[in-house]
Amino acid sequence: MLAAAGLAQLSVPGAGRAAPASGAADEHAEVLAALDERARALTAGPPALPVRAVYRNLLLGPVDPAGRCSATAELAVTVTGYDEQPVVYPRRLTLAGSAGDRRVEREEGLDGPPPLWDLGAVRAAAGERCLVLGPADPPALAGLAAAGDRAVPAVEALWGSDWAGRLLFHLPATEEQFARLVAGGSPGWSGMAAVTVAAPGAPRHAPADRIVVNPGAYGRLSDFGRQVVATHEAVHVATRADTRAWTPLWLSEGVADWTGYRDSGRPARRIAPELARDVAAGRVPVALPGDGDFTAGAGGIAQAYEQAWLACDLIARRYGPQRLVALYRAVGEAGPGADREAWLDGLLRDGLGLGLAEFTRLWLTEVRGLAG
């Protein structure tokens, strides 16, 4: 298990510069063989990772005057028991050395998020219902695996078992690494404890979702807070097939938080402290949070999550948890309307028996009640 930038140089025998067609084919095969060895080194351990890695679609470029040869390839990674198809990372390679002794001098990503091996030596912690991979310290990996094992049954109790029933976490060692994995290094994500992302190249709604955890923000939480985060993200995995681009974020983030806090016994003001402080200071929202309010780095994002939780808590208390689940699935099944508010109004009337305006008034009453 070695970082891509720190892998030992691998010899590629018999790689001539200006070979005829048969020689070029030999060189191609020899480079592929060396890359196979390189891929095995990624997952060899100890202990061996439950991961298969292979380089494919190798394209060799010309040899430059310094004797270097550029190449492109795909690193295809499959996590056993979690991925139905490989996750593909485009790579750029620089081969150095003389004929008969080619070696990989440099490897880097072409686009998209990097594989974990670009960040450092990858370790694993396996739970009964989850797997944690990453360069973080073993105790952090094991703690996250335990939280994941508790999250799965908590989610199944509300959302059922019609999903994979397992979680795959990526746990980097630093907040900077987390930002690289989820946003190409954008600092706006530093305050997020975790985010669920689709595997690169996977089809929509494929059960290969990764939960990428921010070791800084997650590590600063209490044990209870960490469990809420793990359960929140598990809801996103479990509801992937019911979630569409038109699902309002106040609903998708609200149900995830509501499930995480379910049965905690904590009063609303403890679950929504930022919103409670705003209300006490006279800063009361006038409408449900919009999708833009949940943008990483946005001002008031904590209040947006708390407002969303309170909206879903209102539905669950007034109509029952199963009505909340049914509403969520109905929103996903329905096609988006040209007028989003009218479309959502109709879905609320069908699911709860009241329209958007009345629901918002009830919710605002709950919000004002946080002032105590």
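Biologist: Is Glu175 buried, partly exposed or exposed?
Modeller: Glu175 counts as partly exposed, at 29% relative accessibility. Buried means under 20% relative accessible area, exposed over 50%, and partly exposed in between (1.4 Å probe, protein chains only). Please note that this is a predicted model, in which local features need pLDDT of at least 70 and side-chain atom pairs count only at pLDDT 80 or more, while totals for chains, interfaces and linings use all residues. Residues are numbered from 1 along each chain as its sequence is written, and side-chain values use heavy atoms, with hydrogens and water left out.

Biologist: Which side chain does Glu175 meet in a salt bridge?
Modeller: Its partner is Arg220, at 3.2 Å from N to O. A salt bridge here is a side-chain nitrogen of Lys or Arg within 4 Å of a carboxyl oxygen of Asp or Glu. Glu175 lies in helix α3 (residues 175-183) and Arg220 in the loop between α4 (215-219) and α5 (223-238), so the pair ties together parts that are 45 residues apart in sequence. Helices (H or I, at least four residues) and strands (E, at least two) are DSSP runs, numbered from the N terminus.

Biologist: And Arg220, buried or exposed?
Modeller: Arg220 is exposed, with a relative accessible area of 61%.

Biologist: How many salt bridges are there in the whole structure?
Modeller: The search finds 18. One of them joins Arg210 to Asp83, with the closest N and O atoms 2.6 Å apart. Arg210 belongs to strand β10 (residues 210-213) and Asp83 to the loop between β3 and β4, so this pair links parts 127 residues apart in sequence.

Biologist: How accessible is Arg210?
Modeller: Arg210 is buried, its relative accessible area being 4%. Asp83 is buried too, at 10%.

Biologist: Turning to the strands, why is β4 largely enclosed?
Modeller: Seven of the 10 residues of β4 (residues 87-96) are buried, so the rest of the structure largely encloses this strand.

Biologist: Which strands pair with β4?
Modeller: Strand β3 (residues 69-79) pairs with β4 in the antiparallel sense over nine bridges, and strand β5 (residues 102-109) does so, also antiparallel, over six bridges. Strands pair if DSSP finds at least two bridges between them. Ala76 stands opposite Val88 in β4, and Leu93 stands opposite Glu107 in β5.
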